[in-house]
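Please look over the sequence and the structure shown here before reading the notes that follow.

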Amino acid sequence: MKIVIDGDPIPKKRHRCRCIGKHGQAYDEQASSDMPIVRSIMHREIKNSPVFFDPNLSLIVNFTFYLPINESDSTAIRNAKLWGFIKPNKKPDFDNLIKFYCDCANGVLWRDDSMVVKSTSTKVYSDYPRTEIEIKVEKELVEDKNSADIWKLLSPDEWL
């Protein structure tokens with residue numbers, strides 16, 4: 001399954017704290033601003049094929065973040081970025097990008113992002129900023145029930 005979210009990729013922001021009287025309160029400002037928009041886009045993208053992955057599955061998620069090119073960049077710099085000679089090694093950090101989109105997918109694509117066992121992420125420059133999320137189900141190592149019983153008896157170290 002592949003989901004495309006148009007627009008600049010959004011990184012996860014830090015939680016904020018404030019004092020109310022003598023009590024401190026932590027809050028996530030994105031929970032009421034950016035996240036509902038991205039979640040509605042995810043819902044729209046899967047509308048034709050509603051998917052909610054079984055909680056017992058292990059998922060592999062590949063992220064590709066297409067970052068915008070500065071309008072002030074010269075044609076030579078712009079082309080170098082598009083060809084990949086200049087890498088997007090500046091902010092936003094890829095881990096903050098991943099965290100935001102995984103949190104948005106909670107309850108939409110999967111029960112919880114703890115189901116993700118493997119992930120890759122790539123940041124590239126593009127004239128069309130967007131985020132592409134590809135989700136695959138990791139295949140079980142042992143599908144045969146009899147084989148599974150045998151593998152339960154020995155650890156990998158014991159097997160060697």
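This is a predicted model: local features need pLDDT of at least 70, side-chain atom pairs count only at pLDDT 80 or more; totals for chains, interfaces and linings use all residues.

Residues are numbered from 1 along each chain as its sequence is written, and side-chain values use heavy atoms, with hydrogens and water left out.

**The chain as a whole**

- The secondary structure comes to five helices and six strands, where helices (H or I, at least four residues) and strands (E, at least two) are DSSP runs numbered from the N terminus.
- Along the sequence, these elements follow the pattern β-β-β-α-β-α-α-β-β-α-α.
- Of the 160 residues of the chain, 30% count as buried, a term that means under 20% relative accessible area, with exposed meaning over 50% and partly exposed in between (1.4 Å probe, protein chains only).
- The chain exposes about 11,100 Å², of which carbon and sulfur atoms supply 53%; accessible areas come from the Shrake-Rupley method with a 1.4 Å probe, and for residues only the protein chains shown count as cover.
- Among contacts (heavy atoms within 4.5 Å) between residues at least 6 apart in sequence, 81% join residues at least 24 apart.

**Helix H3**

- The twelve residues of H3 should span 16 Å at 1.5 Å a residue, and the end C-alpha atoms of H3 are 17 Å apart, which agrees; the expected span is 1.5 Å times one less than the number of residues in the helix.
- The buried residues of H3 are Leu 97, Ile 98, Phe 100, Tyr 101, Cys 102, Asp 103, Cys 104 and Ala 105, and what covers them includes strand E1 (2-6), helix H1 (34-45), strand E4 (59-67), strand E5 (116-125) and strand E6 (130-137).
- Phe 100, which has its place in H3, counts as buried because its relative accessible area is 0%.
- In sequence Phe 100 and Ile 10 are 90 residues apart, whereas in space they are 7.1 Å apart, C-alpha to C-alpha.

- The largest pocket holds about 150 Å³ of space and is lined by ten residues by name: Leu 67, Pro 68, Ile 69, Asn 70, Lys 81, Pro 88, Lys 90, Lys 91, Pro 92 and Tyr 125.
- By class, this lining has six nonpolar, one polar and three charged residues.
- Pro 92, found in the loop between helix H2 (75-83) and helix H3 (94-105), is joined to Lys 91 by a cis peptide bond, with omega near 10°.
- Just after H3, Gly 107 takes a positive phi of about 80°.
- As background, most residues other than glycine have a negative phi, and most peptide bonds are trans.

**Two partly exposed residues**

- Asp 8, found in the loop between E1 and strand E2 (16-20), is partly exposed because its relative accessible area is 45%.
- Not counting residues up to four places away in sequence, Asp 8 touches Pro 68, Tyr 101 and Pro 129; the C-alpha atoms of Asp 8 and Pro 129 are separated by 5.1 Å, although the two are 121 residues apart along the chain.
- Lys 136, found in strand E6, counts as partly exposed at 41% relative accessibility.
- Neighbours within four places in sequence aside, Lys 136 is in contact with Ser 58, Leu 59, Ile 60 and Asn 62, and its C-alpha atom is separated by 5.8 Å from that of Leu 59, 77 residues apart along the chain.

Notes: On a 1 Å grid over the protein atoms alone, a cavity is a set of points where a 1.4 Å probe fits but cannot get out, and a pocket is an open set with protein on both sides within 12 Å along at least five of seven lines; lining residues have an atom within 4 Å of a point. Grid points are joined across faces, edges and corners, and a volume is the space filled by probe spheres set on the points. Ala, Val, Leu, Ile, Met, Phe, Trp, Tyr, Cys and Pro count as nonpolar, Asp, Glu, Lys and Arg as charged, and the others, Gly among them, as polar.
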